[in-house]
Amino acid sequence: MPNNRMYFWTLIIKIIFLSLTTIGILGNFSVFHYYLVCYADCKLKTVDLIHVHLMASNTLIILSKGVPHTMAAFGLKQFLNDIQCRLLLYIERIGRSVSIGSTCLLSVFQAVTISQKESCCKDQKVKAAKYIGCSISLLWVLYILIHFIFFVNPLIQSYCNNVTGKQDFGHCSTAGRDGISDSLYAALVVFPEICFSLLMAWSSGSMIVILYRHKQRVQHIRSTHGSSRTSPESKATQNILALVSTFLAFYTVSAILQGCLALLYNPSWWLVNTNRVTSLCFPCFGPFVLINHYSMVSRLSLVWMRNRNSIILK
């Protein structure tokens, strides 16, 4: 009976990994396809530019983590050597860091955008939009350099004696961590990620307060005209709040589980797989928040109907 139960849950994990990876790839590439169709000859807006880089980083996470974990769940174990394993970890960490940074930029920029009518923030939107592209490029370059530690780590370990055992990721394994690299990783990666998360929480709270005050100010106007429609700006802010809230929820759970894994000497099968699944949730489900934001299905259907009507008229 225990073996049958374990087989059942192993099958469930296989289905979850396969579903998340498939959904994530389709969702992210759908967003890319949307921008290729709707912005083929136009310059991307600031928010759209952030979305593109966010989806690019999410795609890196799915391809470097979701696909190998799915293959390992279906029985293909340890099919990568040490260099290939470190390369996947390198790509995954870059994607994760840029995803956090891009989500933070998106949240802060939208908070500045909806507060532009305030006296102290009249010119902040223009200034913020001007430096967003530079900030995103800086994020990529900075984290590409920082995460190069995954390649130089073996050199550090060769001069260090306090190295733990191997890290097993299912599809591959690498040499264990040491105190020096852990300290550098905490200072250069973990601490900035925590700051980004706090900044996201602050900007999200600011947007909620601003939206509430705006709703209170225009409530009498809506009642006078008998209209209850939500402004496009409010809709955009609400969707970004949904995206940021989704990110913070999954990231917080993933960070807690990752901390448990770091503290436990022999973590359980459940904890390991739950952490892997949770870390894939935002890259897989995040695009669908954007799809809802842009109403891609209706827009693409409208384009298809217009093309069809033009063909019929011809």
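Q: What is the relative accessible area of Gln-78?
A: The value is 38%, so Gln-78 is partly exposed. Partly exposed falls between buried (under 20% relative accessible area) and exposed (over 50%), with a 1.4 Å probe and protein chains only.

Q: What am I looking at, and which residues count?
A: This is a predicted model, with residues numbered from 1 along each chain as its sequence is written. Local features need pLDDT of at least 70, side-chain atom pairs count only at pLDDT 80 or more, totals for chains, interfaces and linings use all residues, and side-chain values use heavy atoms, with hydrogens and water left out.

Q: Back to Gln-78. Where does Gln-78 lie?
A: In the loop between α2 (46–73) and α3. Gln-78 has a positive phi of about 45°, although it is not a glycine. Most residues other than glycine have a negative phi.

Q: How many helices and strands in the protein chain?
A: The chain has 9 helices and 2 strands. Both are DSSP runs numbered from the N terminus: H or I of at least four residues for helices, E of at least two for strands. The pattern along the sequence is α-α-α-α-α-β-β-α-α-α-α.

Q: What share of the residues is buried?
A: Buried residues make up 39% of the 314 in the chain.

Q: And α3: how many residues, and how far does α3 reach?
A: α3 runs over residues 82–114, which is 33 residues. From first C-alpha to last it reaches 48 Å, close to the 48 Å expected at 1.5 Å a residue. The expected span is 1.5 Å times one less than the number of residues.

Q: How many residues of α3 are buried?
A: 25 of its 33, so α3 is mostly covered.

Q: What caps the N-terminal end of α3?
A: Asn-81 does. A side-chain oxygen of Asn-81 lies 3.2 Å from the backbone nitrogen of Ile-83.

Q: At what angle do the axes of α2 and α3 cross?
A: Roughly 155°, and the axes come within 8 Å. Axes are lines fitted to C-alpha atoms, for helices over the stretch in contact, and angles run from 0 to 180 degrees between N-to-C directions. α2 and α3 are therefore roughly antiparallel to each other. The cut-offs: under 35 degrees is roughly parallel, over 145 roughly antiparallel, 65 to 115 roughly perpendicular, the rest oblique.

Q: New topic. Which residues is Ser-203 in contact with, leaving aside neighbours within four places in sequence?
A: Ser-107, Val-108 and Ala-111. Contact means heavy atoms within 4.5 Å. Ser-203 sits in helix α6.

Q: Buried or exposed, Ser-203?
A: Buried, at a relative accessible area of 0%. Its side chain makes a polar contact of 2.4 Å with the side chain of Ser-107. A polar contact is a pair of N or O atoms within 3.5 Å; within protein, one must be able to donate a hydrogen and the other to accept it, and residues adjacent in sequence count only if both atoms are side-chain atoms.

Q: What about Glu-193: which helix?
A: Also α6, which covers residues 179–225. Glu-193 counts as buried at 4% relative accessibility. Beyond neighbours within four places in sequence, Glu-193 is in contact with Arg-96, Ser-97, Ile-100 and Tyr-251.

Q: Last one. What lies 2.7 Å from a polar atom of the side chain of Ser-135?
A: The backbone oxygen of Tyr-131. Ser-135 is in helix α4 (residues 124–146) and counts as partly exposed at 28% relative accessibility. Ser-135 and Ser-102 are 33 residues apart in sequence, with 9.1 Å between their C-alpha atoms.
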